[in-house]
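Reader: I'm new to this one and would like to go through it slowly. Could you put it up, so that I can ask as we go?

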Amino acid sequence: MRVLIFGAHPDDPESGCGGLAVQCVQAGHEVVFMYGTAFRQGREFFGRPEREVRTEEAIAACETLGVRGIVLDYPHEGIDVNSENTARITGLLAKERPDVVIAHWPVDTHPDHRCVSALALSAYLSPETDFEFYYFEVMTGLQSMHFHPTHYVDISDVAEIKHQSLLCHKSQNGEAVWQGHEIMHKFRGQECGAERAEAYVRLNRKGTVQTNLPGLGKF
């Protein structure tokens, strides 16, 4: 099985789905992280172009998790929802042929998150593709809003691997990102009876059949 996780920025797939990604890899499935944008025009980190730094950090995080990374060439807040980008993202997903796609929840304070969500949904609804579709949350309360899970993943046994992947994002203070999500992990864990959990929303449409993703349990 191939699982593709589509996030707006380096650190989004890791923070939202890192635990599930590790479990899928451990179960022998292929996982792909696709990042929409890795840079702002003219911005630098550590005296180097942001694009270089954040791309390297993303690839390092992917290696930590055992997943394959794809970094697209959109600038920050430049991944607009228009006919050209809709066709491009749909074409990319059709070419990758994932069995499952997981993307940003659409009700979110960050414009890049909302755009990625809309582009992924358009691809899901296209006759060119055939995959199951879930949403993930990030920084709930600050970014994702009104997220009500349909499914949970117990990540208690793989949380430290997720933690290490976020530490690869030095330019983004990965430890602070981890701490923000640790609050979510424990809260979602309380909801489903685990020490730590990630939460997801499954989108259903006529004719779809649920895939048994490792660790993914319905609430």
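Reader: Is Glu-63 buried or exposed, and why do you call it that?
Author: In this predicted model, Glu-63 has a relative accessible area of 60%, and because exposed means over 50%, Glu-63 counts as exposed.

Reader: Where does Glu-63 sit?
Author: Glu-63 belongs to helix H2, which covers residues 50-65. Although Glu-63 and Ser-165 are 102 residues apart in sequence, their C-alpha atoms are 8.3 Å apart in space.

Reader: Staying with H2, how does it pack with H1, and at what angle?
Author: Two packed helices are described by the angle between their axes and the distance between the axes. For H1 and H2, the angle is about 35° and the axes are 9 Å apart.

Reader: Which residues make that contact?
Author: From H1 there are Glu-14, Gly-18, Val-22 and Val-25, and from H2 there are Ala-58, Ala-61 and Leu-65. Sorted by class, this contact of H1 with H2 has five nonpolar residues, one polar and one charged.

Reader: Changing topic to the strands, how many residues of E9 are buried?
Author: Strand E9 spans residues 197-203 and is mostly covered, with six of its seven residues buried.

Reader: And which strands are joined to E9 by bridges?
Author: Strand E7, residues 132-136, runs antiparallel to E9 and is joined to it by four bridges. Strand E8, residues 151-154, is also antiparallel to E9, again with four bridges.

Reader: Which elements supply the lining of the largest cavity?
Author: Helix H1 (12-26), helix H6 (174-192) and E9 each supply at least two residues, and H6 gives the most, with four. The lining includes Ser-15, Gly-16, His-181, His-185, Glu-198 and Ala-199, and Ala-197 is also among the lining residues.

Reader: Now the pockets, how much space lies in the largest pocket?
Author: The largest pocket holds about 240 Å³ of space. It is lined by 17 residues, and the closest to its centre are His-9, Asp-11, Asp-12, Gln-143 and Gln-172. H1 and H6 are the elements that give two or more residues to this lining, and by class the lining of the largest pocket has four nonpolar, eight polar and five charged residues.

Reader: And what volume does the second largest pocket have?
Author: The volume of the second largest pocket is about 200 Å³. Eleven residues line this second largest pocket, and nearest its centre lie Arg-97, Pro-98, Thr-129, Asp-130 and Phe-131. By class, its lining has four nonpolar residues, two polar and five charged.

Terms used. Residues are numbered from 1 along each chain as its sequence is written. This is a predicted model: local features need pLDDT of at least 70, side-chain atom pairs count only at pLDDT 80 or more; totals for chains, interfaces and linings use all residues. Side-chain values use heavy atoms; hydrogens and water are left out. Buried means under 20% relative accessible area, exposed over 50%, partly exposed in between (1.4 Å probe, protein chains only). Two strands pair if DSSP finds at least two bridges between them. On a 1 Å grid over the protein atoms alone, a cavity is a set of points where a 1.4 Å probe fits but cannot get out, and a pocket is an open set with protein on both sides within 12 Å along at least five of seven lines; lining residues have an atom within 4 Å of a point. Grid points are joined across faces, edges and corners, and a volume is the space filled by probe spheres set on the points. Ala, Val, Leu, Ile, Met, Phe, Trp, Tyr, Cys and Pro count as nonpolar, Asp, Glu, Lys and Arg as charged, and the others, Gly among them, as polar. Axes are lines fitted to C-alpha atoms, for helices over the stretch in contact, and angles run from 0 to 180 degrees between N-to-C directions. Contact means heavy atoms within 4.5 Å.
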